[in-house]
Amino acid sequence: MGDVRQDGNQIVIDNASIIRRWGTSKGLGEIAAGGPTKTTVLDQAGTIRVHELGVVLRLDCNAEKWAGRNG
């Protein structure tokens, strides 16, 4: 999770965190909509870049629920 932008054919995720432990009972969509749970574990990952053809899925997160949380 992080701040996603397009740069040419690259998808760039700034302020990225890798979700090591979802901490959910209803899957990834639960924390995308409701923010991290008490048991969600994030690891800081800096900036991530991936070619746009490598993207299989993008899940929008509720920015208000994730504010200030990045590993």
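**The sheet and its surroundings**

Tutor: Three strands form an open sheet in the order β1-β2-β3, and their pairing is antiparallel (strands pair if DSSP finds at least two bridges between them; strands are DSSP runs of E of at least two residues, helices runs of H or I of at least four, numbered from the N terminus). The edges are taken by β1 (3-7) and β3 (41-51), each of which has a single partner strand, so one side of each has no neighbour in the sheet. On average, neighbouring strands are turned by 30° against each other, direction ignored (axes are lines fitted to C-alpha atoms, for helices over the stretch in contact, with angles from 0 to 180 degrees between N-to-C directions).

This is a predicted model, in which local features need pLDDT of at least 70 and side-chain atom pairs count only at pLDDT 80 or more, while totals for chains, interfaces and linings use all residues. Residues are numbered from 1 along each chain as its sequence is written, and side-chain values use heavy atoms, with hydrogens and water left out. Mean pLDDT (the predictor's confidence in each residue, from 0 to 100) is 93 for the chain, and 97% of the residues reach 70 or more. Confidence is highest in β3, at a mean of 96, and lowest in α2, at 91.

Antiparallel pairing between β2 (residues 10-21) and β3 extends over 9 bridges. Ile11 has Val50 of β3 opposite it. Asn15 also belongs to β2; this residue has a positive phi of about 50° without being a glycine. Most residues other than glycine have a negative phi. With 45% relative accessibility, Asn15 counts as partly exposed (buried is under 20% relative accessible area, exposed over 50%, partly exposed in between, with a 1.4 Å probe and protein chains only).

The strands also contribute to the largest pocket, where β2 gives the largest share of the lining, 6 residues. At least two lining residues come from each of β1, β2, α1 (28-34), β3 and α2 (63-66). The lining has 27 residues, and Met1, Gly2, Val4, Leu59 and Cys61 are those nearest the pocket centre (a pocket is an open set of points on a 1 Å grid over the protein atoms alone, where a 1.4 Å probe fits, with protein on both sides within 12 Å along at least five of seven lines; lining residues have an atom within 4 Å of a point).
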